[in-house]
Amino acid sequence: MATETTPMTLDEEQVLWARWNATGDTKVRDRIILSVSGVVHQEARKITSAAPYADLVQAGHMGACKAFAKFDASHDVRFNTYAMYWIRAEMWALMREWLKGGAIPDDETLASDLVGVEYGFNVHDQILDFHFIVYDKNP
């Protein structure tokens, strides 16, 4: 049985986007966003830097949220392919701030950059729950 964080098949992705467009169901939105969690962790592991892994993962998930808000399912592109750009962009923006010695944005600032603060915190809390489960299994 697929969990919220497992990648989607092409058929599942098409069904979920159709359901999202028809109903705006937040569970569908969360399933789509969290389906790229593996990609977020993979990209965070690729970046060997001074920035903490957890911060990179958080930035990557915020990128996934931005990708969801901008994605157009009518184009012939998979969501995880499209989301990769935004995931990397958010991670590298974090790295630039970190390397310049700037402050890492707090959770409230990151959430306010999304579609809405309540939406951002809801997804952010789910992401943190998932991150700590993965982190506990792979210290």
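A nonpolar core is a set of buried Ala, Val, Leu, Ile, Met, Phe, Trp, Tyr and Cys residues joined through side-chain atoms within 4.5 Å, where buried means under 20% relative accessible area with a 1.4 Å probe, counting protein chains only. Keep that in mind for the tour below.

Before you click, note that this is a predicted model, in which local features need pLDDT of at least 70 and side-chain atom pairs count only at pLDDT 80 or more, while totals for chains, interfaces and linings use all residues. Residues are numbered from 1 along each chain as its sequence is written, and side-chain values use heavy atoms, with hydrogens and water left out.

**Whole chain.** Start with a cartoon view: the protein has seven helices and zero strands, taking helices as DSSP runs of H or I with at least four residues and strands as E runs of at least two, numbered from the N terminus. Of the 139 residues, 40% are buried.

**The core.** Next, select Ile 32, Val 36, Leu 56, Phe 79, Ile 87 and Met 91, the residues with the most contacts inside the largest nonpolar core, which has 28 residues. Two or more residues each come from H1, H2, H3 (37-46), H4 (53-70) and H5 (79-100). H5 gives the largest share, eight residues.

Now centre on Val 36. Beyond its neighbours within four places in sequence, Val 36 is in contact with Ala 64, Phe 79, Asn 80, Ala 83 and Ile 87, contact meaning heavy atoms within 4.5 Å.

**H1 against H2.** Select residues 10-23 (H1) and 26-34 (H2): their axes come within 9 Å and cross at roughly 145°. Axes here are lines fitted to C-alpha atoms, for helices over the stretch in contact, with angles from 0 to 180 degrees between N-to-C directions. Show side chains for Glu 12, Leu 16, Trp 17, Arg 19 and Trp 20 in H1, which meet Thr 26, Val 28, Arg 29, Arg 31 and Ile 32 in H2.

**A last stop in H1.** Pick Glu 13, also in helix H1. Is Glu 13 buried or exposed? Glu 13 counts as buried because its relative accessibility is 5%. Leaving aside neighbours within four places in sequence, display its contacts: Met 8, Phe 71, Val 77, Arg 78 and Phe 79.

Technical notes: Buried means under 20% relative accessible area, exposed over 50%, partly exposed in between (1.4 Å probe, protein chains only).
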